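Here are a few friendly notes to read with the structure open beside you. Shall we look at how charged side chains pair up?

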Amino acid sequence: YIKSLKEIGIVRESGLENSTGGRRSAVLEFDPEIGVNIAVVFNLSFIEGALINPAGELIKTLRREVYNGIPAKELLNKLINLIDSLMIEASRINKTVFGIGAGIGDHLDMERGISHSYNLSSNWREVHLKKIIEEKFKRPFFLINDLDAGAMGEKYYGKGKGTDNFVCVWIDETIGMGLVLNGNI
């Protein structure tokens, strides 16, 4: 798998480990120049999207204002507009978009990409986000609970890096919590 990832340019060697008596191991890293992913998070008064490189670095962020009780169709249109704007921005900086992910609260079927409900929308029920976004943008789409995504970000890139048990508490427009126990979200 590593050979394939190196051949298509997603992974590159960044050095060699010190020898412990045998052949030195190559140090691998994601090539931050290869392309970007789009990440979107739903908040109370805005949805925010970002272009993120494979090293987890933010390249560009954009927002679309929303409001509590926004009709599902209007919220979906704002989401599509936001993703479309990020696709344009990626093209402007000559980056390929590999995939799109969204973090949203309430009841989800993450595997099938369905948001069963979203309390901040007046009529958001059984929205097949995966199908809608993949048909529109021809990219893989991933759906995750917003607080799980935040805890995952801390685990791999933030204060929780190298820690197996911690709690992330978010206090913003709403209050939420994500848990990492025994290294699992």
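1. Start with Lys 6 and Glu 13, whose side chains meet in a salt bridge, 2.6 Å from N to O. The term salt bridge here means a side-chain nitrogen of Lys or Arg within 4 Å of a carboxyl oxygen of Asp or Glu. Lys 6 is partly exposed, at 34% relative accessible area, and Glu 13 is partly exposed too, at 44%. (Buried means under 20% relative accessible area, exposed over 50%, and partly exposed in between, with a 1.4 Å probe and protein chains only.)

2. A word on the model: it is predicted, so local features need pLDDT of at least 70 and side-chain atom pairs count only at pLDDT 80 or more, while totals for chains, interfaces and linings use all residues. Residues are numbered from 1 along each chain as its sequence is written, and side-chain values use heavy atoms, leaving out hydrogens and water.

3. Next, find Lys 95, which forms a salt bridge with Glu 33; their closest N and O atoms are 3.2 Å apart. This pair links distant parts of the chain, 62 residues apart: Lys 95 sits in the loop between helix H2 (72-92) and strand S6 (96-104), and Glu 33 in the loop between strand S2 (26-30) and strand S3 (35-42). Helices (H or I, at least four residues) and strands (E, at least two) are DSSP runs, numbered from the N terminus. Glu 33 is exposed, at 52% relative accessible area.

4. How many salt bridges does the rule give? The count comes to seven.
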